[in-house]
Amino acid sequence: MRLDLCEAAIKEKKDEMIKLGMTKGLQNEETIYCSQELDKLLNEYNRLLADNNQSKPINHHDDFYSLFRDHILRILSLPYRYFLI
């Protein structure tokens with residue numbers, strides 16, 4: 001897979017995962033599977049970069065997906081009582 005095609009696939013998979021997460025929930029089987037597919041694409045992208053020596057790998061802390069995931073994980077780690085009103 002070429003880098004530009006991989007980047008486009010990553011963008012599409014991110015959008016799909018975010019949509020699934022927002023509609024079906026983060027612990028839904030489809031959302032988790034989509035997240036795993038995105039991980040595979042990111043790994044492939046980083047492998048292509050390393051093979052081609054074109055650039056450094058994606059900085060996951062600058063990546064929107066990682067920021068979104070970290071934020072959601074912080075929310076999910078809150079005790080249940082914070083969600084009761």
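G21 touches L26 and T31, leaving aside residues up to four places away in sequence; a contact here means heavy atoms within 4.5 Å. G21 is found in helix α1, where helices are DSSP runs of H or I with at least four residues, strands are runs of E with at least two, and both are numbered from the N terminus. At 10% relative accessibility, G21 counts as buried. In these terms, buried means under 20% relative accessible area, exposed means over 50%, and partly exposed is what lies in between, using a 1.4 Å probe and protein chains only. The C-alpha atoms of G21 and C34 are separated by 9.5 Å, though these residues sit 13 residues apart along the chain.

A quick word on the model itself. This is a predicted model, in which local features need pLDDT of at least 70 and side-chain atom pairs count only at pLDDT 80 or more, while totals for chains, interfaces and linings use all residues. Residues are numbered from 1 along each chain as its sequence is written, and side-chain values use heavy atoms, with hydrogens and water left out. The pLDDT is the predictor's confidence in each residue, on a scale from 0 to 100. For this protein the average pLDDT is 79, and 75% of the residues score at least 70.

As for the overall layout, the secondary structure comes to three helices and zero strands, so the order from the N terminus on is simply α-α-α. Of the 85 residues in the protein, 28% are buried. Looking at contacts between residues at least 6 apart in sequence, 54% join residues at least 24 apart.

Back in helix α1, M17 has its place there too. M17 is buried, at 6% relative accessibility, and it touches T31, C34, S35, L38 and Y65, again not counting residues up to four places away in sequence.

K13 is buried, with a relative accessible area of 15%, whereas K24 comes out at 42% and counts as partly exposed. Beyond residues up to four places away in sequence, K13 touches C34, E37, L38 and L41, while K24 touches E30 and T31.

Then there are the cysteines. C6 is buried, with a relative accessible area of 0%, and C34 is buried too, at 1% relative accessibility. A disulfide is a covalent bond between the sulfur atoms of two cysteines. With a disulfide taken as a pair of cysteine sulfur atoms within 2.5 Å, the structure holds zero of them.

Finally, the empty space. Rolling a probe the size of a water molecule over the atoms shows where empty space is left. On a 1 Å grid over the protein atoms alone, a pocket is an open set of points where a 1.4 Å probe fits, with protein on both sides within 12 Å along at least five of seven lines, and lining residues have an atom within 4 Å of a point. The largest pocket has a volume of about 250 Å³, the volume being the space filled by probe spheres set on the points, which are joined across faces, edges and corners. Its lining has 14 residues, with L26, T31, S35, R69 and I72 lying nearest the centre. The elements that give two or more residues to this lining are α1 (3–24), α2 (29–52) and α3 (64–76), and α3 gives the most, with six. By class, the lining has nine nonpolar, four polar and one charged residues; here Ala, Val, Leu, Ile, Met, Phe, Trp, Tyr, Cys and Pro count as nonpolar, Asp, Glu, Lys and Arg as charged, and the others, Gly among them, as polar.
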